[in-house]
Amino acid sequence: MMSNPVVWFEIATTNLERAKNFYTAVFKRNLQYMEMPDTQMYMFEGDEKETGAMGALVHAKECKPSSEGTVIYFNSDDVSVEIARVKAAGGQVIFPKMSIGEFGFIAQFIDTEGNTIGLHSTK
C-alpha cells in the first residue's frame, strides 16, 4: 500500500502570535517556535513517525492567507468539540458539524488570519 502523499503543510499568517493563540485555543495543542532567514513559524506538535502530515503556522513576506483555494483538514475525535471553540478564539464558523455519510463528519471555519480550515472526524 502507498503512503499518504502529503508530508508537510504551512498555514500563512499575517500576525503569527495571534494565529498561535487561536490554534492553541481551538486545538489545545502546543506549538514550537522556529525561525529561518526571513521566516518565522510555529510548528504543530506531533510525531513524524505517525500517520498524518506535520505542519506549521508561517509568517513570511511571500505567504499570504486566503479563504479561497486549498483547504487543510485537521483530524479530530469529534469535530463538534473544536468547532465550538472557534468563535471564542476569534475565528468564524463557516458551517458546523455535518455528516459526509460513510466517511464521517466535517466542519469548516475561517481562522484569525483569513484562511479556510476544515475539521474531520469519524464520529
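Which residue in S7 is the bridge partner of Met98? The tour of this predicted model begins with that pair. Select Met98, and then select Ile106, which is its bridge partner in S7. Next, display the whole of strand S6, residues 92–99, together with S7: the two strands pair in the antiparallel sense over five bridges. Follow the chain from S6 to S7, and the two strands are seen to form a hairpin with five residues between them. In the turn, select Gly101, whose phi is positive, at about 70°.

Now turn to helix H2 and select Val79, Glu82, Ile83 and Val86, which are the buried residues of this helix. Look down the axis of H2: these buried residues fall within an arc of 100°, so they line one face of the helix. An α-helix has 3.6 residues a turn, so residues three or four places apart point the same way. Among the elements that cover the buried residues of H2 are H1, S6, S7 and S8.

The next stop is the largest nonpolar core, which has 20 residues. Select Ile11, Tyr23, Phe44, Leu57, Phe74, Phe109 and Leu119, the residues with the most contacts inside this core. Strand S1 (8–12), helix H1 (16–27), strand S3 (39–44), helix H2 (79–86), strand S7 (105–110) and strand S8 (116–121) each give two or more residues to the core. H1 provides the largest share, six residues.

Centre the view on Leu57. Leaving aside its neighbours within four places in sequence, Leu57 has contacts that include Ile11, Leu16, Tyr23, Met41 and Phe44. Finally, select Met41, Ala56, Val58 and Ala60, which are included in a second, separate core of six residues.

Technical notes:
Residues are numbered from 1 along each chain as its sequence is written. This is a predicted model: local features need pLDDT of at least 70, side-chain atom pairs count only at pLDDT 80 or more; totals for chains, interfaces and linings use all residues. Side-chain values use heavy atoms; hydrogens and water are left out. A nonpolar core is a set of buried Ala, Val, Leu, Ile, Met, Phe, Trp, Tyr and Cys residues joined through side-chain atoms within 4.5 Å. Buried means under 20% relative accessible area, exposed over 50%, partly exposed in between (1.4 Å probe, protein chains only). Helices (H or I, at least four residues) and strands (E, at least two) are DSSP runs, numbered from the N terminus. Contact means heavy atoms within 4.5 Å. Two strands pair if DSSP finds at least two bridges between them. The arc is that of the directions from the helix axis to the C-beta atoms.
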